[in-house]
Amino acid sequence: MDFLVFQYPMITVQACLDGILLGVLFALIAYGMALQWGVMNIINIAQGDLVILGGYIAYFMYLYGIHPAWGVIVAPVIMYFVGIAIYKLVINKVVDRDLFISILATFGISILFMQLMNFAFGADVVLANSGYGTTMLFDSNVVLPNSKIFSAFISILFAACLVIYMKKSKLGRAIRATAQNARAAKILGVDTEKVYAATFGINAALCGVAGALISITFTIHPYMGLPYTIRSFMIVIVAGLGNLPGVAMSGMGLGVFEEFADYILGTEFRIGSVFLLLVLILVYRRFKLSRKREYLK
Amino acid sequence: MNKNNLVLYSGILIFGLAAPFLFPAFKVQLSILCVLIVLATTWNIQGGEMGYNSFGNILFYGLGMYLCASVQVGMFFPLAEWTESGGEKTFVHTPTQFFQGMAVGLVVAAIVPTIVAGLIGYSILGLRGHYFAICTLGLGVAAGEISGGIEIIGAGQGFTTPPFPDVGSLEARGEFFYFLSFFTLILTFIAVRSIYSTRFKLILNAIRDNEDKAEAMGIETMKYKIIGWMISAFFCGLAGGIMGGLVGYIDSTDVAFDGREMGVFMVLMAILGGKGTLWGPIIGATIFHIFKEGFWTFFLGWQYVALGVLIVVIVIYFPEGIMGWLREKYPERFGEVVDEKDRKAQVELK
């Protein structure tokens, strides 16, 4: 375990490539979070659970004999409506309230989803086998599963489509207007209620795509949601709201960090190191800002 | 203290002292209730009064739990052999050793988390609002994940706390833990009540209402924020130490650093009762515990679903809590002067 990373340089390459491919997925989830954070000013603790739910949709398709890669198309459609349902039932009542109220409300949703998934799908760690095989690089020293490459490619595709959609379409313009100033948008005839619902739905759909990809490349488990929430939160605060290249870069950075933490500290500390990194980043930013007598807000 | 209060307090005290003999079957439940009230009341010091909503007080609770048990074992036996497997069968605490260990353990369990809170307070309390909430959430979960990887305190397989020694009576264990938690509750109540009658509480409220203004008025907000958090940590650690002995088994993520249960419970209880009041968390914890036990008994397996729904419902429909609702309904009782005309005008507006 200890200094394997230094003795065998190929492990470093392996970890970097794995981390980048994983980080692209994180960036996709974080993009959804940045979107609804920017528009609705809500931090969705249930983000990770939406991801896992998307993963289970793909897994179920796999169980019924459909290739799980089709989950990439089916999961976002289902998750879009799940997102709208969550918005109509809970989120629209907490949108303009204190931020802590929305954090606690989404925490409740998170616990609810976690447990419902536990009942529906059981507490086993599962994965949907895509049967894509592997690619060998550098004289078979670096092994990359094709599913990881596929998932990174699909993530980039979806992110690019969404960026174009946000720029060009009418709804995209309405969403951006609401993010800038909800009140002014309302005065100018934007139905902000509809925009909020659509934003939450799009966020859930992105989570669905990411979840389907995760179920193909990694494993899913009902209780694995919270780390994904924390990762995407971390990526958004490092990159800042509305900074897309930043989200992509910090997502990949986080992926590489995790792979190295896995190699150096051991797998049992992987999740712990993610959460600790969050604390460290927040504290670092707090000290940096306090020199200017400002604070994170 | 007026006459009504005296009657109320002595009534509660007498009920508390008589409870384990009146309801011997509910001793464990009553002890857990006492611990929950302690947690909710102390969460309220920084969550309700100071406005720093923390999900991370579970850190101090879990720390206290592990410390108390480790000290209790480590004082007399090798800790590593104890936690490895089945140490509790080889080594047996005599009654003297058990109570000595428990006493020292509880002192350590209270003091170390306080110091930890003081040390990390300067970094963490500089964050505000939701950043503070998420940061403390991360802290709690990280502590759970990391303690789950440390061998000497049992790692993933858990840590069995010393079994209660044989002192001749079967009821002794329940009574011991009940009175321990009940006296902790009384201690907490007296401490919190006396804090709330000083200038310190006003400073905390000033920080909650507008921190920048409070700082501009010459209050060293950081100092008071840290002290407020340290007070919470002290009682959380104590409660954790007692709970560890009561449950008898410590698991890193399911018992000690259980952010999904206890960490949310303490926030929820305080909100249910009413943030920023003395009695709110106590009422909230009592009602919550009764509801929770009902759920846990009748909807076995569905308890977390019920919990999730409960959180959402409480947060959406009762964000002010029971005390807040009462305050709106009977403002005179809370010492607020109400102008009759103003009230009528408001009724008409509605």
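Here is a chat about a predicted model with chains A and B.

Q: Hi! Which residues touch the most other members of the largest nonpolar core?
A: Those are Ile29(A) and Ile311(B), and the core itself has 194 residues. Keep in mind that this is a predicted model.

Q: And what is Ile29(A) in contact with, leaving aside its neighbours within four places in sequence?
A: Ile29(A) is in contact with Gln47(A), Val51(A), Leu206(A), Cys207(A), Ala210(A), Tyr228(A) and Ser232(A).

Q: Nice. I see Ile29(A) listed in the contact of H2(A) with H9(A). At what angle do the axes of those two helices cross?
A: The axes of H2(A) and H9(A), the latter being residues 192-217, cross at roughly 170° and come within 9 Å. That makes the two helices roughly antiparallel, because an angle over 145 degrees counts that way.

Q: Which residues of H2(A) make that contact?
A: From H2(A) you have Leu25(A), Leu28(A), Ile29(A), Tyr31(A), Gly32(A), Leu35(A), Gln36(A), Val39(A) and Met40(A).

Q: How many charged residues are in the contact of H2(A) with H9(A)?
A: There are no charged residues there; the contact has 16 nonpolar and four polar ones.

Q: OK, now H6(A). How far apart are the axes of H2(A) and H6(A)?
A: They are 9 Å apart, and the helices pack at an angle of about 30°. H2 covers residues 9-40 of chain A, and H6 covers residues 146-168.

Q: Are H2(A) and H6(A) roughly parallel or roughly antiparallel?
A: Roughly parallel, because their angle falls under 35 degrees. H2(A) passes H6(A) in a left-handed crossing.

Q: Which residues of H2(A) meet H6(A)?
A: Leu21(A), Val24(A), Leu25(A), Leu28(A) and Tyr31(A) do. Their partners in H6(A) include Lys148(A), Ile149(A), Ser151(A) and Phe158(A). By class, this contact has ten nonpolar residues, two polar and one charged.

Q: Is Asn41(A) buried or partly exposed?
A: Partly exposed, because Asn41(A) has 15 other C-beta atoms within 10 Å, and being buried takes 20 or more.

Q: Changing topic: how many residues does each chain bring to the contact between A and B?
A: Chain A brings 35 residues and chain B brings 33. In chain A, helices H4 (71-94), H5 (99-121), H10 (225-239) and H12 (270-290) each supply at least two residues of the side that touches chain B.

Q: Which helix gives the most to that side of chain A?
A: H5(A) does, with 13 residues. The residues on that side of chain A divide into 27 nonpolar, four polar and four charged.

Q: Last one, in chain B: where is Met222(B), and what does Met222(B) touch?
A: Met222(B) is in helix H11 (residues 221-247) of chain B. Not counting residues up to four places away in sequence, Met222(B) touches Tyr122(B) and Leu125(B). The C-alpha atoms of Met222(B) and Tyr122(B) are separated by 7.2 Å, though the two residues are 100 residues apart along the chain. Met222(B) counts as partly exposed, with 16 C-beta neighbours inside 10 Å.

Notes:
Residues numbered from 1 in each chain as written. Chains lettered and ligands numbered in written order. Predicted model: local features only at pLDDT ≥ 70, side-chain atom pairs only at ≥ 80, totals over all residues. Core = buried A, V, L, I, M, F, W, Y, C linked by C-beta atoms within 7 Å. Buried ≥ 20, exposed ≤ 12 C-beta atoms within 10 Å, placed from the backbone. Contact = placed C-beta atoms within 7 Å. Helix = DSSP H or I, 4+ residues; strand = E, 2+ residues; numbered from the N terminus. Nonpolar A, V, L, I, M, F, W, Y, C, P; charged D, E, K, R; others polar. Axes fitted to C-alpha atoms, helices over the stretch in contact; angles between N-to-C directions. Parallel < 35°, antiparallel > 145°, perpendicular 65-115°, else oblique. Left-handed = near helix turned anticlockwise from the far one by under 90°.
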